[in-house]
Amino acid sequence: VQLQASGGGLVRPGGSLRLSCAASGIFFSINAMGWYRQAPGKQRELVASITSGGSTNYADSVKGRFTISRDNAENTVYLQMNSLKPEDTAVYYCNADIQLARWVSHDFWGQGTQVTVSS
């Protein structure tokens with residue numbers, strides 16, 4: 001099983017980016033999916049998560065600016081980031097709790113994609 005993230009880049013303050021992360025491989029289903037970020041010198045933090053049923057959770061710092069969504073048919077999670085700020089600069093990682101078999105699940109991470117917000 002692999003998670004492939006894409007969509008990072010350089011954007012000016014106030015701009016937007018959309019991150020995507022697709023799961024591939026052989027598995028039973030995907031439970032929760034989410035996005036984390038890690039800025040230089042800081043610990044990795046949860047940005048947003050979404051359950052298989054579509055319930056979402058956001059870090060206070062991104063509420064009202066970021067939107068997480070998923071396409072279960074495509075095994076993909078998205079993060080729409082609007083009104084970006086310099087403090088959003090970080091490497092963004094996708095995460096998925098994947099059901100490998102009826103009683104077996106495992107946490108998987110994507111490779112990380114750099115988001116830089118700068119004028």
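Which side chain meets Arg-65 in a salt bridge? Asp-88 does, at 2.8 Å from N to O. By salt bridge I mean a side-chain nitrogen of Lys or Arg within 4 Å of a carboxyl oxygen of Asp or Glu.

A word on the source. This is a predicted model: local features need pLDDT of at least 70, side-chain atom pairs count only at pLDDT 80 or more, and totals for chains, interfaces and linings use all residues. Residues are numbered from 1 along each chain as its sequence is written, and side-chain values use heavy atoms, with hydrogens and water left out.

Back to the pair. Arg-65 sits in the loop between β6 (56–58) and β7 (66–71). Asp-88 sits in the loop between β8 (76–81) and β9 (90–101). So the pair ties together parts that are 23 residues apart in sequence. Strands here are DSSP runs (E, at least two residues), numbered from the N terminus.

Arg-65 and Asp-88 are both buried. Cut-offs: buried is under 20% relative accessible area, exposed is over 50%, partly exposed is in between (1.4 Å probe, protein chains only).

Salt bridges with shared partners join Arg-65, Asp-88, Arg-37 and Glu-45 into one network. Within it, Glu-45 bridges to Arg-37, with the closest N and O atoms 2.7 Å apart. Arg-37 is buried, at 6% relative accessible area. Glu-45 is partly exposed, at 36%.

Next, Lys-63 and Asp-60. Their side chains form a salt bridge at 3.1 Å, N to O. Lys-63 is exposed, at 51% relative accessibility. Asp-60 is exposed too, at 64%.

How many salt bridges does the rule give? The count is 4.

Definitions and conventions: Helix = DSSP H or I, 4+ residues; strand = E, 2+ residues; numbered from the N terminus.
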